[in-house]
Amino acid sequence: MELIYLLFILMLSIFLGFELISKVPATLHTPLMSGANAISGITLVGAIISAGAIGNDNVTNLLATLAVAFATINVVGGYLVTDRMLAMFKKKTGGGK
Amino acid sequence: MTLEIGINLAYIVSAVMFIFGLKMLSSPASARRGNLLSSLGMLVAIAATLLQVVSFQWIIVGCAVGAIIGFLSARLIAMTSMPEMVALLNGFGGIASLLVGWAVYHNLAVTEGSSPDTITTASIFLSVLIGGVTFSGSLIAWAKLKEVMSGKPILFFGQHIVNGLLVIGTFTAGVYFCMDPLTGLGYQIFIATIVVATLFGILAVIPIGGADMPVVISLMNSYSGLAACAAGFVIRNNVLIVSGALVGASGIILTAIMCKAMNRSLSNVLFSGFGSASSAKGKEVEGEVKPLTPQDAYYILEAASSVVFVPGYGMAVAQAQHVVRELGELLEKNDCEVTYAIHPVAGRMPGHMNVLLAEANVPYDQLVEMDDINPIIETIDVAIVIGANDVVNPAAREDESSPIYGMPIINVDKARTVFVLKRGMGAGFAGIQNALFFGDNTRMIFGNAKTTIQGLVDEFKN
C-alpha cells in the first residue's frame, strides 16, 4: 500500500510539474534548467540521512560523504548561478543602461 | 513521534516553496525572487533532515567540500560556458543519486540479517541505473560542448545491436537483483549495473551531434530529476519524489520544445547520428554571393527604421554580445526600432542566447520569440544574422530533399535586407548548404563578428 501512496504522489507531482513549467517563457529556459538542477540537489536529503547514521562501515561513510559533496555542489552551484543569471535580466525602463 | 511529524511538515513546506519558486519563474520580473524562495525551501528541507541524524562529521566534510566547489564554479563560470556548467550539474545530480543508492545498498549488504523488500531493492537498482546514465551521459555532453572531444556524431558498426544487448542485459540484471539482492551474486550484479549504466550513458550520447546538444542537456536534466525521484523511493521520502518529479517534468517539456523546434522526433535525435557524413545534404545551391563592406552596411543601417538581430552560437563563440548591444543602442538613438529574435534552438542549450544578451544588458522586453517575429518580418528593414546558420536556412521551408526540411525557422530571407555576418563560406553545424547566402536581398559581411560590429559601432560614432 505504501508503494501506491508514493506512486500517487509521484504522478500528481509530474502533472503539477507540467503545468508549472509550460508557463515558463523561452527567455528563461537556461535559468530554469540551472534552477531545476539545484532542486534536483534535493538528493542531499538522502545523502545526509546516509552519512549521518551511526554504525556505518568505512565504505558506506565514503559513499555517503561523496554523495553529500556532489549534491551540495548541485544545490549551492545551481542556486547561485541561477541567481547570477536572473539578476542580469532587466526591463527597459530603469535598468536599460 | 512529534519530531517525525514536525520533520514531515517541514518537507511539505519546502515542497510548497519549490512549487511557488517555479511558478514565479513564469515572468522575468519575479523570477529572481522565485529562485530565492526555492533556495529557502531547500534550506528548510536540509534543516529538517539534520534534525534526524546523529553523526555530523561526514556531513560537515561533504557539505564543506561541495559548498566551496559549488560557490567557486557559480561565481567564476563565464556566461558563454553556461551549457557546460549545466551539463556538469546534471551529471553531479546523477552521481549523487547513484551514490545514495549505493550507500544504502552497501549498508544493507554488510548488516547482518537485513532483508529489504522488493520496493527498496527495485528503487536502489533504478536510482543507480538512472544516476549512472545521467552521470556518464552528461560528462560526454560536457566534453562535446567544451570541445574536449569532437562535436561530430560517433557511429560504429553494430551500434544499435550493442545498445540493444545492453538494454536486455540491464533488464535481466534488474530482475535478478530484485529477486536476490544480498546473497549469491547480488553485489557483483550491483557493480555490473553501475558499469553498464555508465557505458550506456556514454553510448547514448556519442552518436549525437554538437548542434543537437540542447536536446541532450534537456533530457539529462530530466534524468537527473528522475534519479532523485528513484532515490526518494529508496529512502521513502516524499520531498525527494515531489522535487524529482518537478525536475523530471521540466526536463521533458524542454526536450519536447527543442525537438519541436527542430521538427524532429526524440528518437530521430537520439539514434540517427544527424549531421554525420552519411546523412543527406539537400540540394546544391547556386547563385552569387554578394559581399558588403562595413562602410556600406553602415549607410544602409543609418537609413533603416527597423532592425532585428538574429543571434546564433557564433555570437557566443565570438563573444560579440556586448558590441551587439552597443550597436543596438546606437541604432535606437538613430530612431530605429531594434529587436532581437531568438530561435528556440539557437546556441547550445535552451535559452542560451537570451542569457548572453541579458548579460550584455539588453532589456528582456526587446527579446522576441520566433513565432512573434515571423508574422512581421516583411516589415523589417534589416535583419542582421550573427553566427546563426541552420535556424535561418530557407531550405527548411522550400527544399524537400534537405535534411532540415520542415524545421521552423526565422524567415529572415523575407526581410527587406539581410546582413549575414560570417567568418567564411563554411556550412553550418549540421553540414547543410544555406540558400540564404545566395538570396537577392542578402549581403554577406565576412570576418569576425565582433570586429565587424565594432567597425559598425565606430562608423556610427564618427
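## A tour of the predicted model

Start by selecting B:Arg348 and B:Tyr313: the charged end of B:Arg348 sits over the ring of B:Tyr313, 3.9 Å from its centre. A charge counts as over a ring if NZ of Lys or CZ of Arg is within 6 Å of the ring centre and within 35 degrees of the ring normal.

Some notes before moving on. This is a predicted model, where local features need pLDDT of at least 70 and side-chain atom pairs count only at pLDDT 80 or more, while totals for chains, interfaces and linings use all residues. Residues are numbered from 1 along each chain as its sequence is written, chains are lettered from A and ligands numbered from 1 in the order in which they are written, and side-chain values use heavy atoms, leaving out hydrogens and water.

**Stop 1: a strand in chain B.** Select residues 306–311 of chain B, strand β1. Strands (E, at least two residues) and helices (H or I, at least four) are DSSP runs, numbered from the N terminus. Is this strand buried or exposed? Buried means under 20% relative accessible area, exposed over 50%, and partly exposed in between (1.4 Å probe, protein chains only). Here 6 of the 6 residues are buried, so β1 of chain B is largely enclosed by the rest of the structure. B:Ser306, B:Val308 and B:Val310 point one way, and B:Val307, B:Phe309 and B:Pro311 the other.

Strand β2 (residues 337–342) of chain B runs parallel to β1(B), joined by 4 bridges, and B:Ser306 stands opposite B:Glu337. Strand β4 (residues 382–386) of chain B also pairs with β1(B) in the parallel sense, over 5 bridges; look there for B:Val382, the bridge partner of B:Val307.

**Stop 2: two rings.** Select B:Tyr298 and B:Phe460, an edge-to-face aromatic pair, 4.9 Å centre to centre with 85° between the planes. Rings of Phe, Tyr and Trp (its six-membered ring) pair if their centres lie within 6.5 Å; planes under 30 degrees apart count as stacked, over 60 as edge-to-face and the rest as tilted. B:Tyr298 lies in helix α11 and B:Phe460 in helix α17 of chain B, so the pair ties together parts that are 162 residues apart in sequence.

**Stop 3: where chain A touches chain B.** Finish at A:Thr65, in helix α4 (residues 58–88) of chain A. At 10% relative accessibility, A:Thr65 counts as buried. Which residues does A:Thr65 touch, not counting those up to four places away in sequence? They are A:Ala51, B:Trp58, B:Val61 and B:Gly62, where contact means heavy atoms within 4.5 Å.

How values were computed
Two strands pair if DSSP finds at least two bridges between them.
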